[in-house]
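Reader: I would like to go through some labels used for this model and see what each one rests on. Please set the value against the definition each time.

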Amino acid sequence: MRERCRVEETIYNMQQTGPENLQVISDFDMTLTRFAYKGKRVPTTHNILDNRLLIDENCTKKIKKLLNTYYPIEIDARLSTEEKLPLMVEWWTKVHKLLMEQKIRKDLLAQAVRESPSKLREGYKMFFDHLAEQNVPLLIFSAGIGDVLEEVIRQNHVFHPNVNIISNYMDFDHTGVLQAFKGQLIHTFNKREGALAHAAHLTELKGRQNVLLLGDSLGDLTMADGVSNVQNTLTIGFLNDQVEERKELFLNSFDIVLVKDETLEIPNFYCTVMHKTAYLETHGMETLF
């Protein structure tokens with residue numbers, strides 16, 4: 001934490017109004033899902049589609065080549081967001097075009113997810129279940145593939161009614177074959193536009209003026225821009241990759257930075273104290289950290 005005192009004050013203020021005034025906004029890939037497990041990278045929702053059921057070997061090679069080209073640009077601390085924007089659009093557009101050419105079948109998505117090594121972060125069940133029990137809306141804002149994202153959550157048995165998702169959704173034809181992607185393209189650095197565009201439709205979020213925001217990219221910090229009359233915002237950043245190169249940037253941007261942490265321990269503890277009256281006065285802020 002760059003400013004511990006401010007973080008403590010924010011958490012205290014948010015705790016005073018309780019869970020009925022809270023909403024949680026989170027990225028998905030490498031935020032709610034693990035970045036790595038047992039030394040191996042965990043697939044993103046795009047990478048889960050890398051299954052012979054869905055795409056051929058040639059397509060896999062082309063998508064991997066695009067990843068190797070554009071991912072270093074996405075996380076390059078030397079480049080500004082403005083410099084990255086057109087390149088991110090270029091990356092996502094090329095990948096989606098390749099996927100559409102593969103004529104992906106909707107009825108095979110669930111099997112592809114089951115066969116993938118995708119993993120939510122340790123403590124995910126407590127995180128999802130607790131928010132549902134307290135009727136706290138969880139908005140998942142992802143530049144990934146919404147159809148795959150939903151299936152991952154569903155197969156982990158945590159797709160509760162309080163979960164809302166904004167993502168890139170596939171458009172299937174009448175035979176269940178991918179023909180296009182719906183709506184505006186969402187990538188890492190245009191989430192602000194998506195947040196503003198969807199704000200009016202998410203009526204269950206209105207009146208909830210405290211925001212807990214989770215992300216793994218500086219672009220995720222704009223996910224709450226559609227929230228009106230915000231009183232308190234607490235941001236938690238998962239710094240998964242190129243730690244030394246990006247640590248200073250993350251510390252200057254997020255309230256709390258978790259370095260190579262594959263758990264949801266800190267968000268879970270925060271969400272737990274939100275509904276316990278006078279918890280912080282009794283146990284003190286030190287219990288959070």
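Reader: Why is Ile256 called buried?
Author: Buried means under 20% relative accessible area, exposed over 50%, and partly exposed in between (1.4 Å probe, protein chains only). Ile256 has a relative accessibility of 5%, so it counts as buried. The residue belongs to strand β10 (residues 256-259); helices (H or I, at least four residues) and strands (E, at least two) are DSSP runs, numbered from the N terminus.

Reader: What kind of model is this, and how are residues numbered?
Author: This is a predicted model, in which local features need pLDDT of at least 70 and side-chain atom pairs count only at pLDDT 80 or more, while totals for chains, interfaces and linings use all residues. Residues are numbered from 1 along each chain as its sequence is written, and side-chain values use heavy atoms, with hydrogens and water left out.

Reader: What makes the pair Lys94 and Glu90 a salt bridge?
Author: A salt bridge is a side-chain nitrogen of Lys or Arg within 4 Å of a carboxyl oxygen of Asp or Glu. For Lys94 and Glu90 the closest N and O atoms are 3.8 Å apart, and the pair forms a salt bridge. Both residues lie in helix α4 (residues 81-101), four residues apart, about one turn of the helix.

Reader: Why is Lys94 called partly exposed?
Author: Its relative accessibility is 38%, so Lys94 counts as partly exposed. Glu90, at 35%, also counts as partly exposed.

Reader: Which labels do Asp107 and Arg105 get?
Author: Asp107 is exposed, because its relative accessible area is 53%. Arg105 has 41% and is therefore partly exposed. The two form a salt bridge, with the closest N and O atoms 2.8 Å apart.

Reader: How do you know that Glu262 and Arg121 form a salt bridge, and what does the pair tie together?
Author: The closest N and O atoms of Glu262 and Arg121 are 3.4 Å apart, and the pair forms a salt bridge. Glu262 lies in the loop between β10 and α10 (265-273) and Arg121 in the loop between α5 (109-115) and α6 (124-133), so the pair ties together parts that are 141 residues apart in sequence. Glu262 counts as buried because its relative accessibility is 18%; Arg121, with 0%, is buried too.

Reader: How many salt bridges does the structure hold?
Author: The structure holds 13 salt bridges. Glu150, Glu151 and Arg154 are linked in a network of them.
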